[in-house]
Amino acid sequence: MLTSTKDLLEKAQKYSYAVGAFNLYNLEGAKAVVNAAEADHSPAMIQVLPHVLQYGGAPLMALFLEAADSAKVPMSVHLDHCEEQAIIEMALEAGIQSVLADGSKFSYPENLAFTAQMTALAHGKGATVEAEIGRISGTEDGMTVSEKEAKMTDPYQAREFVEKSGVDFLAVTIGNVHGQYYSEPRLDFERLARVRQQVEIPLVLHGASGLPALMIQRAIELGVCKFNVNTEVRQKYLQFWREYGKTNSQGDLLDCQKASTGAMQEIIAQKIRLFGSAGKA
Ligand code: 13P
Ligand code: ZN
Ligand code: NA
């Protein structure tokens, strides 16, 4: 059933687990998340990147909202990494539960002004807002931020930012990376602990693909209530189709769609268990 992202994350915060937010592109992805969440009695989030939403438009938005609403477990739909007001408005108009008003590429004052404005807009529609302070490196579907451009979250700036913008959830940058980790992931947990001391709202960690279980657990202990997962699920899906293409060129398409759902569902289920949200629906 559709549930507010705020309720999902505040409950996760209270009981010390995290909700998986999975970047999706199509029906198979939606089914994979719903099936995995239902099987493990877990809450879950569907999230969509702006250019995916621009491609899929209202039909894709309706698909995600309907999939989340018809699930037997609490779910919400979230607009990921959006720096354009027009797309945020479109998503809010369609009934989305939350958005990431992403001003992380702007200067601090511009990010604050943008986030405050988008928060007022979203709250007016009964939706909630995630913001990012600091800037995460790596590549996410066409958007690349080099390590040099990346910035770690400053705990005191985070506090001021949250107070002044009225934002509901905060994405932190502590060495997490979008896409693959090309060397051993190194997260600054000491910084995360200091952010937690300054900021009471639920914290979000992007770039969860590639993080080992112990780091995920430590992040949850230090207040992370939402993990963003894209790459691992996307790669599983692409790998499925590559292999299918080699062996089943005359195959039944529907059977393959179902099997591709199953492939994604497997990895989503692993994440749900790792995040501690299984059994929490
Ligand atoms: P990964 O692609 O590393 O899982 O990161 C996903 C993400 O942060 C989406 O916003
Ligand atoms: Zn992200
Ligand atoms: Na990652």
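Two strands count as paired if DSSP finds at least two bridges between them, and helices (H or I, at least four residues) and strands (E, at least two) are themselves DSSP runs, numbered from the N terminus. With that in mind, the bridge partner of G138 in strand β7 is V145. The structure is a predicted model, in which local features need pLDDT of at least 70, side-chain atom pairs count only at pLDDT 80 or more, and totals for chains, interfaces and linings use all residues. Residues are numbered from 1 along each chain as its sequence is written, while chains are lettered from A and ligands numbered from 1 in the order in which they are written.

**The sheets**

- Eight strands form a closed barrel with parallel pairing, running β1-β2-β3-β4-β5-β8-β10-β11, and its neighbouring strands are turned by 25° against each other on average, direction ignored.
- A separate open sheet has three strands in the order β7-β6-β9, with mixed pairing; its edge strands, each pairing on one side only, are β7 (143-145) and β9 (177-178).
- Strand β6 (residues 137-140) pairs with β7 in the antiparallel sense over three bridges.

**Helices lying across strands**

- Helix α2 lies across β1 (19-23), β2 (44-48) and β3, and runs at about 170° to β2; here axes are lines fitted to C-alpha atoms, for helices over the stretch in contact, and angles run from 0 to 180 degrees between N-to-C directions.
- Helix α5 (residues 108-124) lies across β4 and β5 (128-133), running at about 170° to β4.

**Helices packing on helices**

- Helix α2 (residues 27-39) packs with helix α3 (residues 50-70) at an angle of about 15°, their axes being 10 Å apart, and α2 is therefore roughly parallel to α3 (angles under 35 degrees count as roughly parallel, over 145 as roughly antiparallel, 65 to 115 as roughly perpendicular and the rest as oblique).
- In this packing, L27, A30 and V34 of α2 meet L63, F64 and A67 of α3, where two residues are in contact if their C-beta atoms, placed from the backbone, lie within 7 Å.
- The residues of the contact of α2 with α3 divide into six nonpolar, no polar and no charged; Ala, Val, Leu, Ile, Met, Phe, Trp, Tyr, Cys and Pro count as nonpolar, Asp, Glu, Lys and Arg as charged, and the others, Gly among them, as polar.
- The axes of α3 and helix α4 (residues 85-94) come within 11 Å and cross at roughly 25°, so these two helices, α3 and α4, are also roughly parallel to each other.
- The contact joins P50, L53, A58 and M61 of α3 to I87, A91 and A94 of α4, and its residues comprise seven nonpolar, no polar and no charged.
- Helix α2 also packs with helix α10 (residues 253-274), at an angle of about 45° and with the axes 8 Å apart, which means that α2 is oblique to α10.
- The contact of α2 with α10 has nine nonpolar, six polar and two charged residues.

**Around ligand 1**

- Of the 14 residues around ligand 1, those that come nearest are H206, S209, N228, N230 and T231, a residue being near a molecule or strand if its C-beta atom, placed from the backbone, lies within 6 Å of it.
- The elements giving two or more residues to this shell are β3 (75-82) and β11 (224-229).
- By class, the shell around ligand 1 has two nonpolar, ten polar and two charged residues.
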